[in-house]
Amino acid sequence: MKLADLRYVALLSLFFVNGSGLATARDPGPDAARSSEAGSNSSTPPNVVFIFADDLGYGDLGCYGATKVQTPNIDRLAKEGRKFSDAHTASAVCTPSRYALLTGEYPIRALGGEGAWGPLSPFSGLIIDTNTPTIGKVFQNKGYATACLGKWHLGFGENQNDWSVPLRPGPNDVGFDYYFGVPLVNSGSPYVYVENDTIVGYDPADPLKQGSPPSPTPQFPAEASVKSPNKFTGALAAHQIYDDEKTGTLLTEKAVSWISDNKNNPFFLYFATTNIHHPFTPAPRFKGTSQCGLYGDYIHELDWMVGELVKTLEENGLSDNTLVIFTSDNGGMLNYGGRIAMKAGHRINGDLLGFKFGVWEGGHRVPFIAKWPGTIEAGSESDQLICNVDMLATFMALTDQDPGTLENKDSQNVLPALIDNPTAPIRSELLLAPRKDANLSIRKGKWMYIGGKGSGGFTGSKPNHHAWGGPPAAAFAGNVNSDIKNGKIKPGSPPAQLYDLENDLLQTENVYRQHPEVVEEMDALLQSYRSKTSASKTRNGKAKQK
């Protein structure tokens with residue numbers, strides 16, 4: 001028997017697969033060891049570092065085919081771990097995707113069934129119910145130290161956020177002992193940092209508030225893409241601390257310090273980078289290092305950040321007992337910086353159709369890499385269908401908690417896909433959301449069904465437009481689709497879309513009219529999800545596109 005096989009014999013005893021192919025954790029006892037001859041002999045629970053990049057596309061890494069950027073640290077994760085080819089985010093939009101990750105719920109269920117569809121307003125309250133299970137709480141239940149570092153974008157306070165300190169409820173109320181980061185998104189105000197429930201540099205004599213004159217914040221050239229004007233006044237000291245080009249370094253330093261401070265206890269770190277969301281503002285030392293402009297330079301900074309975290313684990317003797325997962329919140333975005341990169345030959349989402357905000361594959365199929373020495377086979381690959389919504393149940397199984405106890409959650413335990421080689425599909429279907437609810441879609445096996453025409457995302461096409469998407473973006477990228485001609489939907493095209501991803505991953509042919517029986521089945525399945533929610537409303541009106 002091969003060494004790799006021996007490593008899995010013990011692991012296989014922890015799991016069984018029921019008739020539907022859904023893996024469920026058995027109770028292995030409180031001291032079940034997950035170590036191997038390559039790892040520690042200790043029964044200490046595994047640490048978890050979950051790195052959640054922002055807007056990183058399927059083609060943005062060397063290990064996924066990129067040639068105009070170099071990502072040696074992330075490529076090393078893939079070489080020493082497992083790379084997934086069919087991993088997705090539950091939404092092609094930032095806030096809904098993060099909601100799905102943290103809660104294990106499809107974002108159409110958020111806000112009592114109103115659904116989360118777009119980026120959250122800076123004035124929104126926390127959209128996660130403080131009583132619901134979250135990935136942070138899963139680890140807290142087992143005595144882990146937990147931290148969220150980086151982009152939050154899930155709201156603060158009850159109902160509405162007027163930015164009065166303390167900012168509660170917030171990250172500290174949904175599973176994280178410690179929070180530090182960018183409260184919204186690096187392209188949207190307020191341009192301040194938040195630590196736990198206060199604004200960094202907070203001065204009660206100069207509070208942050210909506211209004212004019214706007215407090216100064218760094219600005220950048222057009223090729224960095226849009227940074228929205230500041231909507232806030234006051235908090236001058238806090239605004240002076242905020243620096244776009246230093247944010248990546250600052251978050252990395254915070255992560256390195258937090259890992260080192262918690263090395264003697266099990267820990268969970270949710271590291272949500274602002275890289276590579278626009279504006280593309282890498283530290284000066286990374287500028288000009290790629291072959292595709294600031295977009296690629298920002299990827300280089302991200303790769304450095306990942307390398308620093310991995311090095312810290314190694315220096316503290318934590319590597320063998322730490323599961324590291326690297327992925328993204330949605331696909332790459334075709335903004336101005338992205339278009340510069342594409343013209344230089346960089347394929348943001350590989351050859352997939354579509355971009356961020358849209359439900360075509362490029363909007364939500366993302367890199368996903370998992371490394372755990374001695375437990376995950378080095379250099380392995382998996383084509384299992386998985387989603388970020390699955391992390392809740394997966395982390396429950398990892399920490400010997402029963403995912404079967406979850407109620408009203410969409411998360412499935414995909415731990416066997418990470419540490420073993422199951423032949424049967426673990427997840428049989430997956431709901432996928434774009435910005436527009438009319439284009440909500442369903443994946444089942446090889447079939448993907450989209451309930452409307454187009455991608456349901458951005459539609460820009462002119463040079464002055466910040467965000468491109470849909471048919472115009474497909475034309476720009478050189479993608480072929482049977483419903484599109486000259487960057488527009490053809491007259492008489494089908495009312496919805498059906499794709500055979502097994503034979504047509506690039507979604508070149510809408511086979512809606514060739515398979516009416518499949519369309520009927522898939523539409524009924526999609527409507528069964530809609531019937532459980534009221535998906536036509538949003539809590540705060542139409543969210544602005546960031």
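This is a predicted model: local features need pLDDT of at least 70, side-chain atom pairs count only at pLDDT 80 or more; totals for chains, interfaces and linings use all residues.
**Stop 1: strand 12.** Select residues 267–272. Six of the six residues of this strand are buried, so the rest of the structure largely encloses it. Colour Phe-267, Leu-269 and Phe-271 for one side, then Phe-268, Tyr-270 and Ala-272 for the other; both faces are covered. Side chains in a regular strand alternate between the two faces of the sheet.

**Stop 2: the largest pocket.** This pocket holds about 450 Å³ of space. Of its 23 lining residues, show Asp-86, Asp-383, Gln-384, Leu-385 and Arg-443, the closest to the centre. The lining comprises seven nonpolar, seven polar and nine charged residues.

**Stop 3: salt bridges.** The whole structure has 23 of them. Pick Glu-314 and Arg-76, whose closest N and O atoms are 2.4 Å apart. Glu-314 belongs to helix 7 and Arg-76 to helix 2, so this pair ties together parts 238 residues apart in sequence.

Next, select Lys-227 and Asp-244, a salt bridge at 2.7 Å. Are these two residues buried or exposed? Both Lys-227 and Asp-244 are buried.

Finish with Asp-54, Arg-98, Lys-151 and Asp-329, which a network of salt bridges links.

Key
Residues are numbered from 1 along each chain as its sequence is written. Side-chain values use heavy atoms; hydrogens and water are left out. Buried means under 20% relative accessible area, exposed over 50%, partly exposed in between (1.4 Å probe, protein chains only). Helices (H or I, at least four residues) and strands (E, at least two) are DSSP runs, numbered from the N terminus. On a 1 Å grid over the protein atoms alone, a cavity is a set of points where a 1.4 Å probe fits but cannot get out, and a pocket is an open set with protein on both sides within 12 Å along at least five of seven lines; lining residues have an atom within 4 Å of a point. Grid points are joined across faces, edges and corners, and a volume is the space filled by probe spheres set on the points. Ala, Val, Leu, Ile, Met, Phe, Trp, Tyr, Cys and Pro count as nonpolar, Asp, Glu, Lys and Arg as charged, and the others, Gly among them, as polar. A salt bridge is a side-chain nitrogen of Lys or Arg within 4 Å of a carboxyl oxygen of Asp or Glu.
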